[in-house]
Amino acid sequence: MIKVRFEPDGKVVEINPGTTIYEALNKAGIPIRSDCGGRGMCMKCLVKIIDGKFEGEKVDGDYYLACKTRLMGDSTVEIPEISRTGEQRILTEGITLELKINPRIKKYFSSIPEPTLEDQRFDVDRIITEFSGIVQKPKLNHNTIRNIPNTLRESKYKITGVFSEEELLDIEAGNTTSTTYGLAVDIGTTTVVGYLMDLNTGEQIAVASKTNPQTSYGDDVISRINLTITNKDGINILHEAIIDCINGIIKELCLKTGVKKNHIYEAVFTGNTTMTHLFLKINPKFLALNPYVGVVREEVSGRAEDIGLDINPNGIFRSMPNIGGFVGGDTVGVILASSLYREEKIRFAIDIGTNGELVLGNNKRIFACSTAAGPAFEGARITFGMRATEGAIEKIEINNGSVTYKTIGDKPPVGLCGTGLIEAIAELRKIGIIDYKGRILRPDELHSIHDELKARIIEHPKYGLCFIIAKKEESGREEEILLTQKDVRETQLAKGAIMAGFNILKKKLGLLDKDIDEILIAGAFGNYIDPKKARSIGLLPDFPDEKMRFIGNAAGTGAKIVLLSEEARRDAARISGITKHIELAVSQDFYKEFSDAMYFPDI
């Protein structure tokens with residue numbers, strides 16, 4: 001074994017000779033940018049080797065790629081800020097709904113008659129008889145039965161029964177009916193958000209969020225599915241990573257509120273189909289292989305302790321049902337939270353994350369599809385792209401020859417997040433530096449453009465034709481931050497896929513734009529974009545502002561609703577069954593629609 005020390009963290013891990021720096025970082029628990037999942041394609045996992053014996057080649061100045069450099073002896077490696085994932089800005093809030101609170105978890109307090117020589121009934125019989133007046137046929141599991149004798153006698157036979165429908169999950173000493181909690185979790189490809197809910201009142205007690213640690217193995221679901229195919233331990237690695245992340249969120253929620261983890265009795269999880277499979281430790285590899293079939297569509301439930309979830313060991317976990325191979329429980333959550341399935345007016349819902357999920361319909365018909373659009377908008381495959389963390393450029397204005405921008409946290413700029421990417425392209429399109437085909441024009445092709453802006457158009461030896469967003473002296477990474485021609489093309493691919501999906505859904509339903517009453521924009525990315533600029537590049541349909549509504553983290557709201565309401569749980573199952581999934585890969589119209597949608601709208 002050899003030792004590697006990571007600076008400035010000061011962490012030391014022991015590894016086998018020949019281990020890549022990328023693998024050692026994962027073992028050390030140090031997240032690093034790796035949009036491609038360690039395949040040497042994204043060029044984002046840059047590190048410096050201070051000393052040691054290694055095999056690898058420099059790729060950018062003094063930097064090496066962590067995924068392509070193998071350590072052969074004791075070494076010291078520096079992880080620069082530009083390679084760190086940072087704390088991402090995560091949207092936690094969604095829409096507020098009027099809801100009748102009717103959770104599956106309910107508590108009942110009772111004084112159980114004590115045994116005597118004349119009344120020698122078994123403890124379990126005594127409890128079943130007492131609660132039969134409240135719950136029709138109480139059922140007990142093995143773990144609950146084991147706790148009964150001591151709890152009954154220590155409490156002097158005054159106990160609280162914790163029920164999930166007819167099943168007695170646990171008994172607790174004394175009257176604990178006021179401490180009944182549940183957990184709703186939105187497992188996004190990039191971010192994970194947990195909500196601690198009071199099941200008595202329906203109140204949200206606290207919220208906590210983290211970057212999904214699976215991003216270390218790739219920014220998109222295909223990279224993670226590939227890990228389960230190429231690595232025999234891949235499914236275990238990804239499952240344990242998400243469970244550890246969720247348990248960290250639970251710990252944070254309990255510390256914030258003083259709620260005991262044993263008083264959390266149910267957890268509802270939502271996510272896309274791949275994330276749901278990985279959470280349940282079900283191999284998702286066939287989702288990536290034609291004909292792209294998942295393992296399970298309906299809700300899956302089980303014991304918290306069976307999956308390593310750190311709530312009451314007898315508590316229940318439930319996954320939201322899926323719709324299709326790449327349209328999962330998170331889309332069910334959006335449909336549920338927006339009441340799209342209840343109302344007659346026709347609405348289009350779009351949730352742009354690492355994937356773009358699209359839904360069109362009303363209470364009569366609902367169609368849904370998924371597009372591989374989000375990686376570009378979350379910084380992946382963009383030359384200076386990054387997630388929405390400190391130092392990311394999120395706002396850009398170009399006026400009178402000057403370029404001004406705003407970064408998250410008002411830090412020196414280190415890259416472009418998704419909103420910054422859209423703003424850059426929208427502004428350059430507005431003044432004519434980018435044409436309708438997406439081509440960055442050269443200075444000699446531009447006429448009524450300020451000389452200061454022409455000077456920002458350069459031929460970079462590595463990236464080709466670029467526009468300088470932030471100059472080297474302004475940058476937080478000791479080099480210019482550029483928008484490259486490749487970045488524009490990646491954006492065209494992403495927005496073209498979304499608009500092609502939208503147009504195909506309209507055709508399936510026989511609708512025109514004028515027939516659509518409202519556009520619902522869900523998710524963190526949608527919450528932060530400027531709708532006018534998104535429309536100007538053709539990312540969103542050209543609808544007036546009054547027809548657009550931002551609904552925040554609707555997927556998370558859907559999970560909360562299912563946690564709080566048995567009726568909503570049944571509705572979620574119905575939504576999963578009635579929503580028609582459209583596989584764009586086999587649609588005859590997709591490629592034509594996609595090609596047309598790649599162009600930018602007229603200015």
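In this predicted model, the buried residues of helix α17 pack against α12 (485-509), where contact means heavy atoms within 4.5 Å and buried means under 20% relative accessible area, with exposed over 50% (1.4 Å probe, protein chains only). Helix α17 spans residues 590-597, and Phe590, Glu593, Phe594 and Ala597 are buried there. Seen down the axis of α17, these buried residues fall within an arc of 100°, so they line one face of the helix, the arc being that of the directions from the helix axis to the C-beta atoms. Tyr591 and Lys592, on the other side of α17, are exposed. Helices are DSSP runs (H or I, at least four residues), numbered from the N terminus.

Helix α2 (residues 123-131) packs with helix α3 (residues 142-154) at an angle of about 80°, their axes lying 10 Å apart, which makes α2 roughly perpendicular to α3, a term applied to angles of 65 to 115 degrees. The axes are lines fitted to C-alpha atoms over the stretch in contact, and angles run from 0 to 180 degrees between N-to-C directions. Asp123, Val124 and Ile127 in α2 meet Ile145, Ile148, Pro149, Leu152 and Arg153 in α3, and by class this contact comprises six nonpolar, no polar and two charged residues.

Threonine 331 lies in helix α8 (residues 329-338) and is buried, with a relative accessible area of 3%. When its neighbours within four places in sequence are left aside, threonine 331 is in contact with Ile323, Glu357 and Val359.

Residues are numbered from 1 along each chain as its sequence is written, and side-chain values use heavy atoms, leaving out hydrogens and water. Local features need pLDDT of at least 70 and side-chain atom pairs count only at pLDDT 80 or more, whereas totals for chains, interfaces and linings use all residues.

Terms used. Helices (H or I, at least four residues) and strands (E, at least two) are DSSP runs, numbered from the N terminus. Angles under 35 degrees count as roughly parallel, over 145 as roughly antiparallel, 65 to 115 as roughly perpendicular and the rest as oblique. Ala, Val, Leu, Ile, Met, Phe, Trp, Tyr, Cys and Pro count as nonpolar, Asp, Glu, Lys and Arg as charged, and the others, Gly among them, as polar.
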